[in-house]
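The sequence and structure come first.

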Amino acid sequence: MAPRRSAADTAEADRSRLQEMGYKQELKRGLTLASNAAFSFSIIAVLMGVTATYNTGLRYGGPVSMTLGWLVVSFFNGCVALSMAEICSAYPTSGGLYYWSAKLAGKNWAPFASWITGWFNIVGQWAGTTSVDFSLAQLIQVIILLGTGDANGGGYLASKYVVLAIYALILFLHGLINNLPIHCLSWFGHLGAFWNITGILVLAILIPAVAKERASVGFIFTHFNTDNGMGIHSKVYILAVGLLMSQYSVLGYDASAHMTEETKNADRSGPIGIITAVALSSIFGWIYLVALTSVVIDIPYLLSPDNDAGGNAIAQALYSTFRLRFGSGAGAVACLVVIAVAMFLCGLASITSNSRMGYAFSRDGAMPFSHVWYRVSKHEVPLNMVWLSVIVAFVMALTSLGSQVAYQAMASIATIGLYISYALPIFFRVTTSRKSFIPGPFHLGRYGVIVGWTAVLWVAFVTVLFSLPVAYPVAKDDFNYTPVAVGGVLLLSVGSWVFHARFWFKGPIINVEM
């Protein structure tokens, strides 16, 4: 057995590996493997993802599309995570995906591949933060509603302007906390991981135990809901759309890559952090889904905008369960507060990841005013990039004032944008760099190409899936803005490349003497 390296040897190895990739050590390395994995696990936050999109899964296919569909999606997401982990081990840098694309696409295509990957990743991250924090603001709206008497009992339903104000406050708090040094943020990452695991286990035991009426095992795993009220009748189509809930719920694990320049033993801790976060999220997310679905009795009522929770299916299911048992919905409100805390910690970790990606992208001169966003504070934190991420996320949510449907496209932009940025370096790994790829300490061996192609094809399938109409006939109130939004990102990134960036952007910039 090889002797364990000392802390000094590990630090020197990390610094040397970073210099080999062309960068000097500017961020403080204070994260362990557990801390790195905790950040990704906190961002994935299945308590948040499942809660925010449960209505979609329940409407399109119901229990079977969620409980069994989750297992299908988990398998393919696992392939994506394994492929990303292999590349992360070879190139452990905060730039992550766009740096990987530059190194794997080949000399002629490296700048363009890096540019497109980077912009899909950063926009996807910003949209992800918007989706998480706005979902939290909406959940707070529901908590206030149920805490003051429910929608049918005179409860207070906050206006869209109040929800936006709550959202702005959440973003501001996340910005303030992200001013702290990395060892403090590491504590929040651990708290997020602990809260998600503990919260899921408590809710998974509590919800079925409190329920007087529970769904049968057959219902939970085999019931197919075709009564979606959206004019879609094809079971295959319904099931496919229902998978989107599971896909959205496991997202953001590229955070482990973006935190590698602050992680000790990065070429091992980064990839293992990715895999650990995805594996734990898949397991605990499924447990949470099964527990929730065990109290689904009346699907049409749970989805009705006229129910006590204003149309929020999970809130209504919990509210009915506790009120039937105790005559009061206070227990349901407490459960929702547990979920809200998980969402808050998820949004906090999202801003942390956003800022590190933006810092790296600016270091390579890819963002407007890069010299501003590239600066770090006395605590070695990319402070300007933290606040830019906060501002961009707030601006993105302004679409909610005009159209809730247009705002909902943010979740799709986050999902598709991030997964496209995940798939691009994997695609280059299995094509242009199939024979030249030099793996790091963690690698898939001869299975790397097979797993990689599986990941790429799955992302291509999901991208098409997210772009399909979700109702027939298509009307402005239920129009799927996803292809428009994602197409806009593609058009702007390619357009800016053709007319401007191709003349000066050469990919990752070396800032050390080689």
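## Cavities

The second largest cavity has a volume of about 40 Å³. Here a cavity is a set of points on a 1 Å grid over the protein atoms alone where a 1.4 Å probe fits but cannot get out, and lining residues have an atom within 4 Å of a point. Grid points are joined across faces, edges and corners, and the volume is the space filled by probe spheres set on the points. This is a predicted model, in which local features need pLDDT of at least 70 and side-chain atom pairs count only at pLDDT 80 or more, while totals for chains, interfaces and linings use all residues. Residues are numbered from 1 along each chain as its sequence is written, and side-chain values use heavy atoms, with hydrogens and water left out.

The lining of the second largest cavity consists of Phe39, Ser42, Leu185, Phe188, Gly189, Leu345, Leu348, Ala349 and Thr352. Two or more of these residues come from each of α2, α8 (182-210) and α16, and α16 has the largest share, 4 residues. Helices are DSSP runs (H or I, at least four residues), numbered from the N terminus. By class, this lining has 6 nonpolar, 3 polar and no charged residues. Ala, Val, Leu, Ile, Met, Phe, Trp, Tyr, Cys and Pro count as nonpolar, Asp, Glu, Lys and Arg as charged, and the others, Gly among them, as polar.

The whole structure holds 2 cavities of 30 Å³ or more. Helices that supply at least two lining residues each include α2 (33-44), α6 (110-147) and α16 (330-363); α6 gives the most, with 5 residues. The lining of the largest cavity has 9 nonpolar, 10 polar and 1 charged residues.

## Salt bridges

Side chains of opposite charge can pair when their charged atoms come close. A search of the whole structure finds 6 salt bridges, each defined as a side-chain nitrogen of Lys or Arg within 4 Å of a carboxyl oxygen of Asp or Glu. The table gives some of them.

| Pair | N to O distance |
|---|---|
| Glu86 and Arg429 | 3.3 Å |
| Arg356 and Glu262 | 3.0 Å |
| Asp267 and Arg268 | 3.7 Å |

Glu86 lies in α4 (63-90) and Arg429 in α20, so this pair ties together parts 343 residues apart in sequence. Both Glu86 and Arg429 are buried, where buried means under 20% relative accessible area, exposed over 50%, and partly exposed in between (1.4 Å probe, protein chains only).

Arg356 in α16 and Glu262 in the loop between α12 (255-258) and α13 are 94 residues apart. Arg356 is buried at 0% relative accessible area, and Glu262 is buried at 0%. Asp267 is buried at 16%, whereas Arg268 is partly exposed at 39%.

Asp150, Asp308 and Arg323 are linked in a network of salt bridges.

## A buried contact

Ala277 is found in α13 (266-293) and counts as buried, at 0% relative accessibility. The C-alpha atoms of Ala277 and Ala37 are separated by 5.6 Å, although the two residues are 240 residues apart along the chain.

Notes: 1 Å grid on protein atoms, 1.4 Å probe; cavity = no way out; pocket = protein on both sides within 12 Å on 5 of 7 lines; lining within 4 Å.
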